[in-house]
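Work through the exercises below with the model open. Try each task before reading its solution.

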Amino acid sequence: MNIFVDILSGGVSGGTSIMYAALGETVSERSGVINLGTEGCMLMGAFSGFAVTSLTGSPWLGILAAAAAGGALALIHAILVVTRKSNQFASGLSLLFLALGLTALYGSGFVGQQINGFDPIAIPGLSAIPILGPVLFDQNILTYLSYVIAPALWFVIFRTRIGLMLRTAGESAEVLTVNGYSIAKVRYIAVVTGGIFAGVGGAYLSVAYSQSWFENMIVGRGFIAVALVVFAAWDPLKVIGGAYLFGSALALSPVLQARGYEINQFALDMLPFLLTLVLLVFLGRRAVDSTPAELRKVFDNARA
Amino acid sequence: MRRIPIVGAAIAAALIFAGCSSTTDTTTESTAPTEAASTAAAGSGPGTGGSAIGFIFVGPKTDYGYNQAAYEGSQAVAAAFPDMTVLTQENVPEDDNAYRVMEGMISRGAKILFATSYGHLQAAQKIAAAHPDVAVVQQGNYISDPKAITPNIGTYFGTVYEPVYLAGIAAGKATKSNKLGYIYAFPIPQTVNNINAFELGAQSVNPKATTSTISTSSWCDPQKQKAAVDSLLKQGVDVITQHQDCTDTIIKATEAAGAMTVGYHADASSLAPKGWLTGSQWNWAPLYEDIVTTALAGKFTGSEYNANFRVGLQDGSNPFEQSPYGPTVTDDTKTTISAALDNLSSPGASVFTGPIKDQSGKIVVPAGTSLQYGDPSIEGMNWFVEGVKGKLAQ
């Protein structure tokens, strides 16, 4: 029993950063723009969040800075792909390398700095509930916020006028034009929103979870987030489940090793990626069906 | 329209290289080879006649750990040899890129190269084969085939597990739960040496002490490090140590939870004012300077550095030293450690003195024998001692 609690609580605390990034990427892709620079936005967020928290002493200012930095990088992506119509994949990857360079250059002075970030706060009462308590209610404030933000985002995307415009931009952009709206404007907002979320996801790692900054500290989680969006079928609620699944797969290795299980850790390390492949195989058909049409054009162009 | 991403990539690449280049790197490619040619007459043999000394590091020079210690060593060399230009490059991957970076350093006048990461060995061997006039030394790995040690290559290292054994004593004395934790990257022999030495040190003062191990499969992944700390603490572990390149996430998380820390690579006691016990740290300057002096004098070939050079307490100079003690370490513990240090400094002494059992209870080192540093049994160690928990992945 206890072991499942450990794995699941590790899954929630470890999956939250992926969840923020994947929620942001969901918004961006819903508008028809894929951002492979999500990893870069997370790096910008992780660095800016840590640096500003270190300089000002306020983790909240750090999160604001992270959101701004992630949003700024995504804005470059938006300018390149929406206004200049350049290749979305090339732009995203270029921005990732830009972020790697920038954060390495300015980040070296912040390695080893100490900050007062967001520590876990057990919610009185709720945290005493068996299983659910330690898994869900002994986390940090950014995790608690994500419990509200993910369903709220679902509501916005599927139940509001703004969400309708977003989905229309992704499904049949011409309809927006016909109705007198600007496709570009909607996509700019969506892409920058995606960057803001990814920035917060990055800062979650540096300001809340590990409370330290290292060059290239995201190590591929941004790409996991992009993959997650696909098999969550561009649905924020499914993103929650997917992020926790990934988080749990990542948590499995240390939990089992700490208990002295005779397992091969290299096999365990493969698990999150194996899981991705398996899910993509099983969900592949369905995911293709629910791909926003404008996004499919992007993929089709890349194929040709 | 297609130009834009390419421009972006170029800017990004430029920034990456700007971020990586060293502050001491001031040579220009046009002048360096001429200088090299003009001074070539000064001596002969690999390592002579150059105008520069190159160092490559696998990680950033500010990691509070392995790379920072090596970088500081390179700066000591720069200060000790003001006539030479010291070229440094951070973040050099353990693949063919290392070869290319070293090739670039040679073209800028370097005749002495330090490849400072374990995984740089292959690139170091390749560059040594391509340039017989360049002395190449590799830090931490081991060339097991004597024939592969050509006149211009060698490996060097300190006896890492000796201070780790001493720190294990401190951990064994301090633990209340008798559960120690060790977070490591990969099951390379050096790490296995350390884990075993740590447990043996702890056992020497506390037979009940066990060491739980967690591999992160990465030299620096803060998220995995934090998850490892959390998992160990949940199992009641109250002293955590590590073999990682970046160390501060683990130390900070351990301190925040009120558990005790044994450091590695650098003195990080400021990160854990309450829980710091002791640790192990590098002091590369004397060894680096001696290697450079030897090579510049044309005496590299046939020297102790033209081999798998290993130095430990018995030689009176281990570049890997014990870190200062934390506030809670008792005088009794300090006395015990100091006695163990004297013992290990005596001729023929070893951390791995039998009888030592492996995890299955089988005696691997019989009573009356010991494993000596530089032996293949230590350089290729692939088993955990009894008392270490966790499977060694192979």
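**Exercise 1: the chain contact**

Task: count the salt bridges between chain B and chain A, then describe the contact around them.

Solution. Step 1. Two salt bridges link chain B and chain A (a salt bridge is a side-chain nitrogen of Lys or Arg within 4 Å of a carboxyl oxygen of Asp or Glu). One pairs the side chains of A:R221 and B:D221, at 3.0 Å from N to O.

Step 1. Between chain B and chain A, 11 residue pairs are in polar contact, both residues at pLDDT 80 or more. A polar contact is a pair of N or O atoms within 3.5 Å; within protein, one must be able to donate a hydrogen and the other to accept it, and residues adjacent in sequence count only if both atoms are side-chain atoms.

Step 2. Find the elements. On the side of chain B that touches chain A, those giving two or more residues are helix 1 (3–20), strand 7 (210–215), helix 8 (222–234) and helix 9 (248–256) of chain B. Helices (H or I, at least four residues) and strands (E, at least two) are DSSP runs, numbered from the N terminus.

Step 3. Sort the residues. This side of chain B has 23 nonpolar, 15 polar and 10 charged residues. Here Ala, Val, Leu, Ile, Met, Phe, Trp, Tyr, Cys and Pro count as nonpolar, Asp, Glu, Lys and Arg as charged, and the others, Gly among them, as polar.

Step 4. Take the totals. Chain B gives 48 residues to the contact and chain A gives 46, with contact meaning heavy atoms within 4.5 Å. About 3,900 Å² is buried between the two chains, and carbon and sulfur atoms give 59% of it. Buried area is the accessible area (1.4 Å probe) that two parts lose on being put together, summed over both.

A note on the source: this is a predicted model, in which local features need pLDDT of at least 70, side-chain atom pairs count only at pLDDT 80 or more, and totals for chains, interfaces and linings use all residues. Residues are numbered from 1 along each chain as its sequence is written, chains are lettered from A and ligands numbered from 1 in the order in which they are written, and side-chain values use heavy atoms, with hydrogens and water left out.

**Exercise 2: the six-stranded sheet**

Task: what is the strand order of the open sheet of six strands in chain B?

Solution. Step 1. The order is 2-1-3-4-5-11, with parallel pairing.

Step 1. Strand 2 (85–89) and strand 11 (308–311) of chain B are the edge strands. The twist averages 20 degrees from one strand to the next.

Step 2. Strand 3 (residues 110–115) and strand 4 (residues 135–139) of chain B are joined by four bridges. B:L113 pairs with B:V136.

Technical notes: Two strands pair if DSSP finds at least two bridges between them. Axes are lines fitted to C-alpha atoms, for helices over the stretch in contact, and angles run from 0 to 180 degrees between N-to-C directions.
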